[in-house]
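Thanks for coming, everyone. I'll keep this brief. Please have a look at the screen.

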Amino acid sequence: MLEGTTPIPAELARDLATGESVWTRILTDAARGTHLPVSPETYRPSAAMRSQLRLRHPVCAAPGCTRPTATAAEDDHIIEYDHEHPERGGPTSLANLHRLCWRHHQMKTAGLIDPTREPVDDSAPTRPLTTHWTLGEDLRTTTEEATDLLTPHTVRLLEHAAAEHERLAAEARRLHAEEQARPRAERVAEDRRAALAKAAGRKIIPPGSPPPDLGDPPF
C-alpha cells in the first residue's frame, strides 16, 4: 500500500524498494493485518511508532475526514499525557495514539470532539484498535484503525490491471520503435497522403459562391 491508501502491484513495490538505501521493517499480524506494536518510551513517539501511526491512520482519524496524514497532521494522545507524572496515565503507546489533521487536532484540544479508545483485549491483542467518538452534544460514532489486508479478489483485479498496463505499454513502445525505424521520407509522404485524403473528404465552397441552403430554422 502506497502511503497506506493506494494499492500497488508487488512488482512495482519491488522496483521502488530497490532504489532505496534504507528499509524499515514493520511487522503485521498475518490473519488480521494489524500492525504489531512497538514499546512506548517517551512523550514524543519514536520513529518506529510514527511510521506505524501513518500506516494505522493513513488519513485523519477523525470520522469522515479524508485528509492524508503524510503531511499536515500531528500525533495525538487520546488520553492526555501527564508531563509531571507520566506513570499516571496518557502513555505514549500505539494503544493511546492516533494521527489527526491540524484542524481536528485543534478541535480536540478545544474539547469540541472527544475520542475514547477501547482497551486492548488480552484474548485478541492483534485486533484493530477501536475508537469511540463524541461529536458535539448528541452525535456518537465508532471507528477502527486501518489494516494491511487486501482481499484475494482485489489482488487479482490489481494484478490483472498491472499486467494489462504493461502489455499496452510494451505494444506502444514496439509501434513507436517501428515507426522511428522507417525512412523519414516515407513517413512524410504518408502524412501528406493522409492530409490530402482528409481535405478531399470535405466540401470546399469556392470564393463568391452563394451560401448553402441550411433549410428552415428549428424555431
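A word on sources. This is a predicted model, where local features need pLDDT of at least 70 and side-chain atom pairs count only at pLDDT 80 or more, while totals for chains, interfaces and linings use all residues. Residues are numbered from 1 along each chain as its sequence is written, and side-chain values use heavy atoms, with hydrogens and water left out.

Now the overview. The chain holds five helices and five strands. These are DSSP runs, numbered from the N terminus: H or I over at least four residues for helices, E over at least two for strands. In sequence order, the pattern reads α-α-β-β-α-β-β-β-α-α.

How much of the chain is buried? Of its 219 residues, 23% are buried. Buried means under 20% relative accessible area, exposed means over 50%, and partly exposed is in between, with a 1.4 Å probe and protein chains only. The accessible surface of the chain is about 16000 Å², and 56% of that belongs to carbon and sulfur atoms. Areas come from the Shrake-Rupley method with a 1.4 Å probe; for residues, only the protein chains shown count as cover.

Next, contacts, meaning heavy atoms within 4.5 Å. Take those in the chain between residues at least 6 apart in sequence: 52% of them join residues at least 24 apart.

On to helix α3, residues 102-109. Its buried residues are His 104, His 105 and Lys 108. They sit on the same side of α3, because they cover an arc of only 105° around the axis. That arc is taken from the directions from the helix axis to the C-beta atoms. Arg 103, Gln 106 and Thr 109 are exposed on the other side. What do the buried residues of α3 pack against? They pack against β1 (73-77), β2 (97-101) and β3 (113-117). After α3 comes Gly 111, with a positive phi near 80°.

Now strand β1, where we find Ala 73. Ala 73 counts as buried because its relative accessibility is 13%. Setting aside neighbours within four places in sequence, Ala 73 contacts Arg 99, Leu 100, Cys 101 and Trp 102. From Ala 73 to His 104 is 31 residues in sequence, and 9.2 Å in space between C-alpha atoms.

Is Ala 70 buried or partly exposed? At 36% relative accessibility, Ala 70 counts as partly exposed. Beyond its neighbours within four places in sequence, Ala 70 contacts Glu 3 and Arg 54.

Strand β4, residues 130-135, includes Thr 131. Thr 131 has 4% relative accessibility, so it counts as buried. Its side chain makes a polar contact with the side chain of Arg 117, at 2.8 Å. A polar contact is a pair of N or O atoms within 3.5 Å; within protein, one must be able to donate a hydrogen and the other to accept it, and residues adjacent in sequence count only if both atoms are side-chain atoms. Not counting residues up to four places away in sequence, Thr 131 touches several residues, including Pro 115, Thr 116 and Thr 142.

Last, helix α1, residues 10-18. Leu 12 lies in α1. With 38% relative accessibility, Leu 12 counts as partly exposed.
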